[in-house]
Amino acid sequence: MIRIEGLCKSFGRAVAIEDVSFTVPTGDAVALWGINGAGKSTVIRCVLGLFRFRGQIEVGGCDVRRQGKRARQLIGYVPQELGFYDDLRVGEAIRFFARLKGVSSSEVDDVLDRVSLGGQAAKRVRELSGGMKQRLALAIALIGNPPILVLDEVTASLDACGREEFVALLGQLSEGGRTLLFASHRVDEVTTLAKRVITLDRGKIAHECLASEFVPQLGLGTLLHFHLSPQVCDAAMTALRASGFAPRPNGVGLLVPVPSEQKAAPFRVLADARISIDDFEVIATSVSGSKTATQHTARERESTP
Amino acid sequence: MSAIVVPCMHRIAAPPTALANISAIAFRELRDAVRSRWFLLDTIAFLGLGLGVSYISSASAGGAGLSGFGRTTAGLLNLVLLVVPLMSLTAGASSVASDRERGMLAYLLAQPIARWELLVGKYVGISAALLACIALGLGGCAGILAWKGEATNPSSIVWLAGLSFALALAMLSVGMLVSVLARKASVAVGTAVFLWLALVFATDLGLMAGTLAFKLRIETLFYLCVANPLQVFKMWSLHAVDTSLDVLGPAGLYAMDTYGERVAVLFALVFAAWIAVPLALAIAIFSRRSPV
């Protein structure tokens, strides 16, 4: 279980987290949702004891400040991108972390097999693809069988296919009874993995709901996620608002709730405004709240539907 | 190892001990150093320059070593004064800063390891690499010179190697302090090179200029020398082999008159302070700073 009480964190004068409190019960899966800069990663880094903070954080009953090592022993952490010692071989890397966790290296092969990296032990880390590196990070997180997994936008650097595989893998782990706390700004990831969603906005909890309520509360039954370059986000927002849509910024672009029969309309608006779309996803929800997500990875220069 | 049971029936090992974590990090650092180019290049350069210095020194002495502190050893001492601080400072300076830059530091600290364990582990690992480099460099020189029949004094080489290692430890501490303070590896290494220049050149020149300009008293000159670990290394090396510091002129005579044989204790204390204080500062700062 993770218990966060009155968490506050500032960087100089900038307040990053202000009085955040929540609990992740054992076996639960909680998503931290919000735009870039909302404070998701800061909360995660405080849980890991990487930042000094005010307030109280307990992991499995261990105070993160006073019993940091013991608390981190209960956590398997997967970062957004693994900045690893590239010269190490996969087997060496995982044995090194096994030593740091006080775990016998006989577990190594088993953990590699679980993330489909069996047979890759002799490869150098630099030879792995982005997806394989993330799976290596997951393998390292699973060493010692920790009951809690903490994930920080783990699929942000993966392509659509890698993302799908990785999320499926995490889904299996979650179903196996592990407690999950993860940060994401991907709707499909949140609705697949989380049981509860905590929305952060400028360092505060703006909203908390069940995952099944999450997408309907964001807007209508269908969400379009446009991936846009930062330079055009404001212009896109203005154009869409002027046409009656209610876009929200979301990490790499905008989320636009639309009626299911009018999915093409926002594309027309952006095309008329001569705004380029880098990528887009259609996230459709059924009546029960479960979701299906389809990704279209056409890197279009112009926004044509 | 004891185990703790957490609510969801996962049985996991207790966190490793400090010693286990330090040795894990130290072994990784040592292996990384052995594999990386800096260790290989430093050792080859040290050995090559050492052989060159030894050859020239012994040739200019007509093939025979001088009495006491041999000419060859004196040549090697000057080489150590230049090379060892440079490689120790830069190795220390890049250690933490480069890990921070590539995001590895935060990832390591997200594991069950205390910050001081990580820093001490790095220190021990890099120290072992430096020791190997010094032993290979000076040992290689001594071995080849002995094989060639050149006069070498084994005890002076052993003293030189030991004091070189002490100098390396002191400079490594300073380098790690720089590394902990710097956000980028390039800044850390640049600062380390600047410090090296200041210690090697500016202090010598500064002392000479200060003595002439301010007519420094002899004891002031001596204590200014003692503040610089490179000067301490030089004085201790001379004292260890020759048991006198006459060659250093008035400052050496003052040291011997004032401290006698206890001057070695003073040198040891200065080295101990240069090793312990920057490392303790580095640990204190590292424990409070964000690794991101």
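Modeller: In this predicted model, Asn228(B) lies in the loop between α8 (218-226) and α9 (229-242) of chain B.

Biologist: What makes Asn228(B) buried or exposed?

Modeller: The relative accessible area of Asn228(B) is 3%. Buried means under 20%, so Asn228(B) is called buried.

Biologist: How do you know that the side chain of Asn228(B) reaches the backbone oxygen of Leu199(B)?

Modeller: The distance to that oxygen of Leu199(B) is 3.2 Å. Leaving aside neighbours within four places in sequence, Asn228(B) is in contact with Leu199(B) and Thr203(B).

Biologist: How many residues are in contact between chain A and chain B?

Modeller: On chain A there are 36, in contact with 43 residues of chain B. The area buried between the two chains is about 3,500 Å², with carbon and sulfur atoms giving 61% of it. Lys69(A), Tyr85(A) and Leu100(A) supply 21% of the area that chain A buries against chain B, more than any other three residues.

Biologist: Why is the pairing of Lys69(A) with Glu117(B) called a salt bridge?

Modeller: Their closest N and O atoms are 2.9 Å apart. The limit for a side-chain nitrogen of Lys and a carboxyl oxygen of Glu is 4 Å, so the pair qualifies as a salt bridge.

Biologist: Which element gives the most to the side of chain A that touches chain B?

Modeller: That element is α3(A), with five residues.

Conventions
Residues are numbered from 1 along each chain as its sequence is written. Chains are lettered from A and ligands numbered from 1 in the order in which they are written. This is a predicted model: local features need pLDDT of at least 70, side-chain atom pairs count only at pLDDT 80 or more; totals for chains, interfaces and linings use all residues. Side-chain values use heavy atoms; hydrogens and water are left out. Helices (H or I, at least four residues) and strands (E, at least two) are DSSP runs, numbered from the N terminus. Buried means under 20% relative accessible area, exposed over 50%, partly exposed in between (1.4 Å probe, protein chains only). A polar contact is a pair of N or O atoms within 3.5 Å; within protein, one must be able to donate a hydrogen and the other to accept it, and residues adjacent in sequence count only if both atoms are side-chain atoms. Contact means heavy atoms within 4.5 Å. Buried area is the accessible area (1.4 Å probe) that two parts lose on being put together, summed over both.
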